[in-house]
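Please open the structure in your viewer and keep the selection panel at hand. We will go from one selection to the next, with a short note on what to look for at each stop.

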Amino acid sequence: NNHSRGYHERVVDHYNNPRNVGSFNKNDPNVGTGLVGAPACGDVMKLQIKVDEETGQVTDACFKTFGCGSAIASSSVASEWIKGKKIEHVISIKNSDIAKHLSLPPVKLHCSMLAEDAIKAAVKDYEVKKAKREQNSESAS
Ligand code: FES
Ligand code: FES
């Protein structure tokens with residue numbers, strides 16, 4: 001059945017057909033990269049966003065996760081949820097929402113935490129790059 005081995009069907013679905021697997025060029029000024037690891041298990045997640053500088057909207061997202069099924073499913077869900085959202089909304093996505101959506105058991109909560117951390121890290125990276133550009137253009141003018 002769909003709940004074999006305790007995994008919710010959505011986990012299995014996202015694990016078997018992960019959405020938005022891939023990479024963007026991290027040097028693209030519109031790209032933010034978040035790379036995070038879970039110390040407990042050593043799993044690693046890279047999540048990237050592409051942001052429209054004018055509107056602050058995430059136009060695209062992708063990820064690569066070297067980790068367990070729940071971490072892959074969490075990053076897949078995260079990549080779907082952040083696409084099309086403004087970055088100020090993206091950062092309010094909570095790991096508990098992802099965990100609930102996937103019905104993750106308590107021992108797998110840190111897998112969804114990885115996704116929340118990766119989103120925040122990607123937004124931060126984008127914003128730091130943007131601030132640097134703005135500083136440079138100010139000092140140039
Ligand atoms: Fe994909 Fe819900 S099943 S985001
Ligand atoms: Fe560590 Fe899932 S077991 S990320």
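In what order do the three strands of the open sheet come, and is the pairing parallel or antiparallel? The order is β1-β2-β3, and the pairing is antiparallel. Select β1 (31-37) and β3 (57-66): these two stand at the edges, and each has a single partner strand, so one side of each is left without a neighbour in the sheet. Look along the sheet as well: neighbouring strands are turned by 15° against each other on average, direction ignored.

A word on confidence before going further. This is a predicted model, with a mean pLDDT of 92 for the protein and 95% of its residues at 70 or more. For the complex, the predictor gives an ipTM of 0.81 and a pTM of 0.90.

**Stop 1: the β1 and β2 pair.** Seven bridges join β2 to β1, and the two run antiparallel. To see one of the pairs, pick Thr-33, whose bridge partner in β2 is Gln-48.

**Stop 2: helices on the sheet.** Now show α2 (residues 69-82), which packs on the sheet and touches β2 and β3. The direction of α2 makes about 175° with that of β3. Next, bring in α5 (residues 109-140), another helix that packs on the sheet. Here the strands touched are β1 and β2, and the direction of α5 makes about 140° with that of β1.

**Stop 3: the β2 and β3 hairpin.** Move to β2 and β3, which pair in the antiparallel sense over nine bridges. Click on Lys-50 and you will find Asp-60 of β3 opposite. The two strands form a hairpin with four residues between them. In the turn, stop at Gly-56, which has a positive phi of about 70°.

**Stop 4: α1 against α2.** Select α1 (residues 9-16) together with α2. The two helices pack at an angle of about 80°, with their axes 8 Å apart. That angle falls in the range of 65 to 115 degrees, which means that α1 is roughly perpendicular to α2. Show side chains for Val-11, His-14 and Tyr-15 in α1; among the α2 residues they meet are Ile-72, Ala-73 and Val-77.

**Last stop: the annotated region.** Finally, colour residues 7-131, which an unreviewed UniProt entry annotates as "domain: NIF system FeS cluster assembly NifU N-terminal". Over this stretch the chain is 45% helix and 21% strand, and its end C-alpha atoms are 42 Å apart.

Note on methods. Residues are numbered from 1 along each chain as its sequence is written. Chains are lettered from A and ligands numbered from 1 in the order in which they are written. pLDDT is the predictor's confidence in each residue, from 0 to 100. UniProt positions are given in the numbering used here, feature names are shortened, and annotations may be inferred rather than shown by experiment. Two strands pair if DSSP finds at least two bridges between them. Axes are lines fitted to C-alpha atoms, for helices over the stretch in contact, and angles run from 0 to 180 degrees between N-to-C directions. Two residues are in contact if their C-beta atoms, placed from the backbone, lie within 7 Å. Angles under 35 degrees count as roughly parallel, over 145 as roughly antiparallel, 65 to 115 as roughly perpendicular and the rest as oblique.
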